[in-house]
Amino acid sequence: MDLPERAAGSSAQRPRAGLRLPEPVPIEAGTDEAYAIEIQAKSIINRVPGESRMPFGWTVNPYRGCTHSCIYCYARATHGYLDLDTGHDFDSKIVVKVNAPALLRKELASSRWAGEPIAMGTNTDPYQRAEGRYRLMPEIIAALRDRANPFSILTKGTLILRDLELIAQAAEVAPVSVAVSVGSVDEALWRAVEPGTPSPLRRLDVVRRFSEAGIGCSVMMAPILPGLSDSPEQIDATVAAIAEAGAVSVSPIVLHLRSGAREWFHRWLSTRRSDLLPLYERLYRNGAYTPKSYQRQVVDLVEQAKRRHGLAPPQRQRNFRIQQHDPPQSDADRDRERQLTLL
């Protein structure tokens, strides 16, 4: 991979959140080095292709790659576009769009911009570890606030609490949605499949803190992992914790395995839970998604748990778009509905 243009004044070895800047030579794929690859982005507000039929039309992603290192992450394939591998490179070679805040202000001020909702956290997490050093999100949120532009954030990062006041200010002038992703509260499973993230209970504390601040916070119960977090007991425990944290809604999403993530996840299964390989081969034999019958079974378990723990039945909340319970029929339909259904 040829090194993208670096931010002016960057030092070759200055450490950033556990990452260092690479030497000014092409970056080799598949190495153990962890790099922050600083670039000057040419644009920052990205249009979602119309054929995707996603519930939002525009996204902002200040980072590419993610130190959360979730082994199932569907965004892994995007590192392949940079000639980097979708496994360790995705976890450790993080592209940082250092000019994102200034560029966002410029694009929001353009006469061509119509003030449409912008979704963040749709590809990689804007509150991953590197954000603690680069601090791109406060300026991004301030830019959106100053233009009264609607936005949503989905994260697994507790660092979002740093920006709670800014988000509250933005919510006073425009629709704002905040959601946290918690697929399971099983600590052993969390350590195995999401090694770079805060614990599920710490993420649920984010929900609690936003609720106390008067800002509703949703939970994406995602992904639910077949054979690992889909038992009635596990689902009940997770929904109980979500309800106790004060979430305004919870939307279950079963794991989908697309190219890039599929290979990495199967490698993990082979070494850690080889007994589950036949189950995954059966459930995913027709593509990236599990059969509709299995998805309905999981959703039913979540709905039963929601009723037991006093969570309101699914409804369209202000500022939130709740995922439909009838799973999509085809891979194309599932892509349209996949993962992040905010705004």
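Modeller: A search of the whole structure finds four aromatic pairs. The model is predicted, so local features need pLDDT of at least 70 and side-chain atom pairs count only at pLDDT 80 or more, while totals for chains, interfaces and linings use all residues. Residues are numbered from 1 along each chain as its sequence is written, and side-chain values use heavy atoms, leaving out hydrogens and water.

Biologist: By what is a pair of aromatic rings described?

Modeller: It is described by the distance of the centres and the angle of the planes. Rings of Phe, Tyr and Trp (its six-membered ring) pair if their centres lie within 6.5 Å; planes under 30 degrees apart count as stacked, over 60 as edge-to-face and the rest as tilted. Here, Phe265 and Trp268 form a tilted pair, 5.9 Å centre to centre with 35° between the planes.

Biologist: Where do Phe265 and Trp268 lie?

Modeller: Both are in helix α9 (residues 261-272), three residues apart, about one turn of the helix. Helices are DSSP runs (H or I, at least four residues), numbered from the N terminus, as are strands (E, at least two).

Biologist: Is Phe265 buried or exposed?

Modeller: Phe265 is buried, with a relative accessible area of 0%; buried means under 20%, exposed over 50%, and partly exposed in between (1.4 Å probe, protein chains only). Phe265 also forms a tilted pair with Tyr280, 5.4 Å centre to centre and 50° between the planes. This pair links distant parts of the chain, with Tyr280 in helix α10 (residues 277-283), 15 residues apart from Phe265.

Biologist: Which residues form the aromatic cluster?

Modeller: Phe265, Trp268, Tyr280 and Tyr284 form one cluster.
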